[in-house]
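This report covers salt bridges and nonpolar cores. The sequence and model are shown first.

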Amino acid sequence: MARNVRIRRIGVDELEIVRELALIIWPKCYRNIIAPDRVDAMLAVLYATDHLEKEMLEDGHVFWLVRFNDLDVGYASAYQEGGRLWLKKLYVRDEFRGQGLGKALIDTALDHFKSEARVSAEELALYVNKDNTPAINYYLRSGFQVEAEVPVQMGPYAFTDYVMQRAL
């Protein structure tokens, strides 16, 4: 069967798909990093549709879904703050990794903000949990560098993240 990949920007009415994908992806992605009860608590807050809607409508985040054949398999969101483009979310289901879908999502975000932004972004940045070795390695291979190590507080949970960036 031929590979059929499609990435599309979504609106508020499709944020439930992002939430459903997060419920599939996050437990596997963070199983060796964050306790399962914490993952569930974080998902309940960060992926509540009203929270996602606020990110989109009030905070200027743009969301995309990636579909492989007839299945939604990942998502991304990004926003621009001054000369920095922030990649807020980038997740692909385990069984679809290694096929260039993450790179395609990043490229889609970059293309969007190049064409839509009033101020051109000079760099792309993101936060990643410092214990998320697979993601860190992916970003390093994608040209990102660790800029800083920062404390992050999500509700009652404290973490340490890296801010990673690459020049555009």
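A salt bridge here is a side-chain nitrogen of Lys or Arg within 4 Å of a carboxyl oxygen of Asp or Glu. The model is a predicted one, in which local features need pLDDT of at least 70, side-chain atom pairs count only at pLDDT 80 or more, and totals for chains, interfaces and linings use all residues. Residues are numbered from 1 along each chain as its sequence is written, and side-chain values use heavy atoms, with hydrogens and water left out.

**Salt bridges**

The whole structure contains 10 salt bridges. Three of them are listed here, including two formed by Arg 84.

| Pair | N to O distance |
|---|---|
| Asp 59 and Lys 54 | 3.2 Å |
| Glu 123 and Arg 84 | 2.5 Å |
| Arg 84 and Glu 147 | 2.5 Å |

Arg 84 pairs with Glu 147 at 2.5 Å between the closest N and O atoms. Because Arg 84 lies in strand β4 and Glu 147 in strand β6 (residues 145-154), this pair ties together parts that are 63 residues apart in sequence. Strands (E, at least two residues) and helices (H or I, at least four) are DSSP runs, numbered from the N terminus.

Arg 84 also forms a salt bridge with Glu 123. Glu 123 belongs to strand β5 (residues 123-129) and Arg 84 to strand β4 (residues 84-92), so parts 39 residues apart in sequence are tied together. Through shared partners, salt bridges join Arg 84, Glu 123 and Glu 147 into one network.

Arg 84 is buried at 14%, whereas Glu 123 is partly exposed at 22% and Glu 147 partly exposed at 41%. In the pair of Asp 59 and Lys 54, Asp 59 is partly exposed at 35% and Lys 54 is partly exposed at 36%.

**Nonpolar cores**

A nonpolar core is a set of buried Ala, Val, Leu, Ile, Met, Phe, Trp, Tyr and Cys residues joined through side-chain atoms within 4.5 Å. The largest such core has 27 residues, and Trp 64, Leu 87, Val 128, Tyr 139 and Met 164 have the most contacts inside it. At least two of its residues come from each of β2 (62-68), β3 (71-81), β4, α4 (101-116), β5, α5 (133-141) and β7 (157-167). Helix α4 gives the most to this core, with six residues. Another core, of 23 residues, lies apart from it and includes Trp 26, Tyr 47, Phe 63 and Tyr 157.

Terms used: Buried means under 20% relative accessible area, exposed over 50%, partly exposed in between (1.4 Å probe, protein chains only).
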